[in-house]
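Colleague: Hi! Could you walk me through this structure?

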Amino acid sequence: MKISDALATIMAALLASAEIRSVCGNEVHIDYPGDPERDQEYRPANSRAFLYLGPVTYLPLSECGGFAFRVRLYAVSFAADRGEAHDLIQAAIAALDARYGSTLDTPSVGFTTGGDVIEPFTPKSAYADFAFNL
């Protein structure tokens, strides 16, 4: 499996979650949805929260010829506090665990760490890192 295929399956699992869709609709993106050339902050209709996949890192697994990947998922909220962003990350962890936690026919995807990114006068962001082997 290629990394692009793995990211697509992660996106599909997130979009299949009713809990995630109830908070952010279809605002689940494979990249940051803003316009980096114009340095524009992305703000969806009605200031809905959104998810996007951040950096991907990988290392070769010499013993089997595969790769260990890590991907960061961000939740961005326009709420007054950071609660919605963390709730969205928790829903994403549950969705990916339900989809990939114990299957043998897909890469195992596991939550490794998480936190938040808080800067004054900006939307609140939380993140979660997921690791998997291909």
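Modeller: Happy to; we can go from the overall layout to the core.
This is a predicted model, where local features need pLDDT of at least 70, side-chain atom pairs count only at pLDDT 80 or more, and totals for chains, interfaces and linings use all residues. Residues are numbered from 1 along each chain as its sequence is written, and side-chain values use heavy atoms, leaving out hydrogens and water.

Colleague: Thanks! How many helices and strands are there?

Modeller: The protein has three helices and five strands, in the order α-α-β-β-β-α-β-β along the sequence. These are DSSP runs (helices H or I, at least four residues; strands E, at least two), numbered from the N terminus.

Colleague: And how much of the protein is buried?

Modeller: Of its 134 residues, 40% count as buried, meaning under 20% relative accessible area with a 1.4 Å probe, protein chains only.

Colleague: Which residues have the most contacts inside the largest nonpolar core?

Modeller: Those are L14, I20 and L73, in a core of 29 residues. Such a core is a set of buried Ala, Val, Leu, Ile, Met, Phe, Trp, Tyr and Cys residues joined through side-chain atoms within 4.5 Å.

Colleague: Which helix or strand gives the most to this core?

Modeller: That is α3, with nine residues. Among the others supplying at least two each are α1 (3-15) and β5 (124-133).

Colleague: What does I20 touch?

Modeller: Leaving out residues up to four places away in sequence, I20 touches L14, G25, V28, L51, L88, A91, A92 and A95. Contact here means heavy atoms within 4.5 Å.

Colleague: What about a second core?

Modeller: A separate one has seven residues, including F50, Y52, Y74 and F78.

Note on methods: Buried means under 20% relative accessible area, exposed over 50%, partly exposed in between (1.4 Å probe, protein chains only).
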